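Reader: I've got the model open, and I'd like to know what the labels in its description rest on. Can we take them one at a time?

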Amino acid sequence: VSERSSLNDHNLSNRSSNKSLRLAEKERSKNEAEDPISPALKYFSDVKEGTPFHGNDEAERNLALVEKVAYHKGLTPEAVSVMLEFAMSLRMGTVLCARVLKCLIPATVVPQEAVVRGLVWLNVAKIPVGTQVLFLKWVLTMFDVIDAKDLRAIYGFIFSYITNENLCPFICHLLYLLTRKESVRVYRIRKLVELQSKLGRQPFLLHLLSLYKVFFPELVTLSIPSQMRSGFKNYNSPWKSALMVVQKRNGSQVASRINLALIVKDRASSRKRFNICCKRHWCVQLKPECLSDSLPTKKTSKLILHFVSVILHNIQLPAQMGSLLGSSLALQYLDCVQDESALLRLNFWLGYALHEEFLFCSNGGAQKSEEALQFLNRLLSTQHFLQESFFSSEVFIYKFLNLWDGSFLRPQILGLLSSIPVIPSSHIGQLLFQPLTQLFFTSTVFFKCGLIDCLNNMLLKWLTWHSVYALEDDLDISLNSHTSINMTLSGFKDSVIELIHFVGRLASVGLQLEGCNALLLSFILDFYETVCDTFVKYELPLVVMPPAGVFYPALLAIDALSVDRLAYIMYRYKVNLTSAKTQETVREQAFHISQQTVGEFNHYVLVMVNCLWNSRMFHTTNLGVKIDEELLLRSKVPQWGARFSFIHHPAFMTYAIDFHKRCWPGKKDVDLTSIEDSKSWNWYLEYLFTQGFGGLRKFIQSNITWKPPADDLRSDVPWSQKSS
């Protein structure tokens, strides 16, 4: 019995043990189903140094599993730490190092500790140069998603790598992102200058030195160009598209670790620093209690200044630079205080964002995304708020015009184009005119209209800047309050003249190509309404007449509105020329009007008067339109000289017929020659003026001796009662 009892107890113990094993196995299977990468991570964390990879099926299987999870939903912070430690420590040699680095795609954030350990391994392990460069590219790519930015604590350690010629461009880039005022030291400046003397004036060294000079201009005596090309190259890293896909699939938003007394709203998913395709840009606001009405004004002002100062000196580049675009308070501070450090960093971030997403986007991601549209709209709103453009957006436009098809994000690109400041006349042709000419002549009429409107807005801003920033003493113009670019008045005038003549050439040929399209002509006349008032309205000593290719299509247009607008433009030209002539006789420094300009104006006025008023369109010589008289006779057009008068002009014939019916309602035959007698002619002109042709009224009153009907006779006008 005792033996049987002992046997039963043994069986029960075995069954209990087996059950425990089954439960443990079931729990392990469940955990693997929930987190299939755990066994692989355990393998790579426990693998011994010197373990071979070739022929190691277990290592291949685990690495394939890690890659699958990484490209599908990203790696957890713990997984990133384990795999980065495995790759940089070279436990299985250098074969897997690059392959592991390429699959380090975080699902949320990258642990800062892992990055620090990776930087240490650069100095310890014998890692190939190509792999070292790949690691630094990964750090730069993932800079936005590092869970903290205490890397500045090892700024000096990172700076020590700058003597490595292969790593120098990437180390300079990383230092640029980390540099603060306290990071600038004399020995570091001296080391950069020594490297420059050894390597030449490399852009990455100049950009880092320029940032040092912003903080301590007295320490950096080196002359740095005010306009430099991008100092840090764009690299088609293997993580960009994968990171975008993973974070969009996860729909996650990486929380910021900013210990500031502010509220961060509309947080964007932190992706690679270059990618501007954020669903929402960060906007910063004061806490509601900070703006309480109960606070005294002085205290509130100090609080706001302190708040903005905290933002600009603690904001992380480039992860949170987008917050400046969404904060009117920070933009107001930038505009008023002109913090060069913040502007330099913001321009750096914008430049890389624009170049990476639009100039070097190979997969078309930006073109397919509404997020790029939102970003450009936000950028345009910011520039409109500041009333000037960013230097980085200007450089982007100059390059992008050579790649642009004229349809992709057209309103936004034309908006950025219209905001660029004055370009020296020696460069404006290559930067703007050449690419715009190709686009203009190979596009639809709607693009032509949009481009003419864009150039009109550009001219308006140039003239406005002149009227605001022109100095009375030396006539130097500061083109941008945030740059050191200056231009003399003569240089400014040369640029404006080049722009006006360029639009004139486009307009002349464009009207021929589009058959004098009325919509295109309307935008062209908008442009010349700006040009005709450059002296009186904007105080620029310049008068430029429109070319014949614009004047005659407007004069002979089939719509009366175009003729009326041309008349108003010619009236304003006369006002400007008269004002300039008056100042020329009164003031010694008044500009001299060229005889060619006066001759062109008189020529156009004579043409208009002979055409509309005197009915002698082809009788006067030297009017720019020469048609053989025999050809006119062969056309069998009666009284061909009067075919473009106020009565017979295609644009006004309907008005003449309507006037005739009102004056002589009983006549069945319409005889328009009956309007030509003096009394009917005056009534007819008054009738035209009541139709809203104010430009014609001003042109006639300023260029023709004509007396309108007396007030006591106007009540007898036969069309007045019937026109109501």
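**What the labels rest on**

Author: Let's start with two helices, H17 and H19, whose crossing is left-handed. Bear in mind that this is a predicted model: local features need pLDDT of at least 70, side-chain atom pairs count only at pLDDT 80 or more, and totals for chains, interfaces and linings use all residues. Residues are numbered from 1 along each chain as its sequence is written, and side-chain values use heavy atoms, with hydrogens and water left out.

Reader: What makes the crossing of H17 and H19 left-handed?

Author: The label is used if the near helix is turned anticlockwise from the far one by less than a right angle, while clockwise would be right-handed. The crossing of H17 and H19 is of the left-handed kind. Helices (H or I, at least four residues) and strands (E, at least two) are DSSP runs, numbered from the N terminus. The protein has 31 helices and four strands.

Reader: At what angle and distance do H17 and H19 pack?

Author: H17 (residues 370-386) packs against H19 at about 25°, and their axes are 10 Å apart. Axes are lines fitted to C-alpha atoms, for helices over the stretch in contact, and angles run from 0 to 180 degrees between N-to-C directions. Angles under 35 degrees count as roughly parallel, over 145 as roughly antiparallel, 65 to 115 as roughly perpendicular and the rest as oblique. So H17 is roughly parallel to H19.

Reader: Why are H3 and H12 called roughly perpendicular?

Author: Helix H3 (residues 57-73) packs against helix H12 (residues 240-250) at about 70°, with axes 6 Å apart. The value falls in the 65 to 115 class, so H3 and H12 are roughly perpendicular to each other. Ala70, Tyr71, His72 and Lys73 of H3 meet Ala242, Val246, Arg249 and Asn250 of H12. Four of these count as nonpolar, two as polar and two as charged.

Reader: Gln132 lies in H7. Why is Gln132 called buried?

Author: Buried means under 20% relative accessible area, exposed over 50%, and partly exposed in between (1.4 Å probe, protein chains only). Gln132 has 10%, so it is buried. Beyond its neighbours within four places in sequence, Gln132 touches Leu122, Ile127, Asn164 and Leu167. Of the 724 residues of the protein, 50% count as buried.

Reader: Where is Val220, and why is Val220 called buried?

Author: Val220 sits in the loop between helix H11 (203-215) and H12. With a relative accessible area of 2%, it is under the cut-off and therefore buried. Ile189 is 31 residues from Val220 in sequence, yet their C-alpha atoms are 7.1 Å apart. Neighbours within four places aside, Val220 contacts Ile189, Leu209, Tyr212 and Lys213.

Reader: What makes Leu90 and Leu409 worth a look?

Author: Most residues other than glycine have a negative phi. Leu90, however, has phi near 55°, and Leu409 about 50°. Leu90 lies in the loop between helix H4 (77-89) and helix H5 (97-102). Leu409 lies in the loop between helix H18 (391-400) and H19 (410-418). Leu90 is buried at 15%, and Leu409 is also buried at 15%.

Reader: What makes a set of residues a nonpolar core, and how many residues has the largest?

Author: A core is a set of buried Ala, Val, Leu, Ile, Met, Phe, Trp, Tyr and Cys residues joined through side-chain atoms within 4.5 Å. The largest has 124 residues, and Phe646 and Tyr684 are among those with the most contacts inside it. Helix H21 (residues 445-469) gives the most to this core, twelve residues. Apart from that core lies another, of 81 residues, including Val110, Phe143, Phe170 and Phe232.

Technical notes. Contact means heavy atoms within 4.5 Å. Ala, Val, Leu, Ile, Met, Phe, Trp, Tyr, Cys and Pro count as nonpolar, Asp, Glu, Lys and Arg as charged, and the others, Gly among them, as polar.
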